[in-house]
Each structure stands twice: as C-alpha cells, then as structure tokens.
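Good morning, colleagues. Please turn to the sequence and the structure on the screen, and I shall take you through a few of their features.

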Amino acid sequence: MGRTAKPTGRPVIPIAIEDATEDLIFFEDGRPPRSPVIMYFKEYDIGRMAAGYVCLQCKEDLDTAFPEECPICRYKMAARQAEDFAKEYRGNAHIGPSTTLEQEREIMNYLREKKARDTGHIWTPSIVVPELKGWH
Ligand SMILES: [Zn+2]
C-alpha cells in the first residue's frame with residue numbers, strides 16, 4: 001500500500017482552455033473525431049502538478065506528493081503521473097495580449113477616442129470635453 005493523500009480543498013482551475021484542432025483524435029467505433037483540449041495553468045499550478053501534488057487527471061490539489069492514487073478520481077498518480085505529465089506537458093505559453101505596450105496605448109487611445117465620439121464628445125489625448133454645437 002502506497003501513500004494516501006487528502007484533498008487540500010484548492011482544486012486547480014485552468015486559466016484558459018482551447019481545442020487543439022491541429023491534432024484530432026479519431027475513434028475506431030466511428031464516433032466523429034474530436035480535438036483534444038489544451039489547458040493552460042498558472043506556472044505555480046504547473047509546478048504543483050510536476051511535483052505530484054496536483055492530480056493530472058482531475059486537477060485536485062493534494063496534501064501528499066505522488067500518492068498511490070488520487071482520492072477523487074482514482075488516477076494512479078504514483079505509477080503514472082510523472083510519465084503522463086512528461087508526455088502531455090507542452091511548455092509555457094504567454095496568455096494575454098501579444099501586443100506591445102506601445103500598441104496597447106494606441107489601442108486604448110483609439111477606443112477612448114471612439115467612445116468619446118460615439119457619446120457625442122470630442123476627444124483630446126488627456127481630457128474629454130463636450131462638443132460645442134454650432135461653434136466654428
Ligand atoms: Zn484525480
């Protein structure tokens with residue numbers, strides 16, 4: 001009998017999920033192919049997974065590293081987690097805008113200006129002033 005673990009009550013939540021449409025899974029029984037899901041986690045949570053504290057299958061956070069099996073989903077963590085993690089882990093990705101700070105400022109300014117125009121205000125870089133009707 002290996003080590004047993006208890007949930008800490010802090011299951012790990014992915015920060016983003018997307019379909020990996022470039023590698024479809026095909027089923028032999030004729031079900032339509034399905035794309036596997038890529039889940040993104042905070043670096044800290046990835047570290048806990050690599051260290052064996054977070055179940056790779058159900059993402060439950062545990063108080064013991066690499067227990068015999070996950071107390072929630074019965075995944076054989078001691079036997080499989082290290083190997084499966086190595087297989088499934090795809091490395092770090094940047095989540096969020098891929099724009100530069102300069103581009104973001106331009107976008108912000110554009111959006112502010114657009115909003116000001118849309119709401120009947122004209123816009124200057126620092127202040128929003130009411131449009132003077134009939135003034136030329
Ligand atoms: Zn589990």
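I begin with A65, which sits in the loop that links α1, residues 43-50, to α2, residues 77-88. Please bear in mind throughout that this is a predicted model. Is A65 buried, exposed or partly exposed? A residue needs 20 or more other C-beta atoms within 10 Å to be called buried. A65 has 15 C-beta neighbours inside 10 Å, and therefore counts as partly exposed.

Which residues does A65 touch, once those up to four places away in sequence are set aside? They are A51, G52 and Y53. For Y53, the C-alpha atom lies 4.5 Å from that of A65, although 12 residues separate the two in sequence.

Y53 also leads us to the core. The largest nonpolar core consists of 10 residues, and Y53 is one of them.

R34 is located between β1, residues 16-19, and β2, residues 37-40. R34 has 11 other C-beta atoms within 10 Å and is therefore exposed. Its contacts, again without residues up to four places away in sequence, are L24 and I25. Between R34 and A20, which are 14 residues apart along the chain, the C-alpha separation is 9.3 Å.

I turn next to helix α3, which covers residues 101-118, 18 residues in total. From first C-alpha to last it reaches 25 Å, close to the 26 Å expected at 1.5 Å a residue. How many of its 18 residues are buried? The number is 0, so α3 lies largely in the open. After this helix comes G120, with a positive phi near 80°.

Finally, the chain as a whole. It contains 3 helices and 4 strands, and in sequence order these give the pattern β-β-α-α-α-β-β. Of its 136 residues, 12% count as buried. As for contacts between residues at least 6 apart in sequence, 43% join residues at least 24 apart.

Notes
Residues are numbered from 1 along each chain as its sequence is written. This is a predicted model: local features need pLDDT of at least 70, side-chain atom pairs count only at pLDDT 80 or more; totals for chains, interfaces and linings use all residues. Helices (H or I, at least four residues) and strands (E, at least two) are DSSP runs, numbered from the N terminus. The expected span of a helix is 1.5 Å times one less than its number of residues. Two residues are in contact if their C-beta atoms, placed from the backbone, lie within 7 Å. A nonpolar core is a set of buried Ala, Val, Leu, Ile, Met, Phe, Trp, Tyr and Cys residues joined through C-beta atoms within 7 Å.
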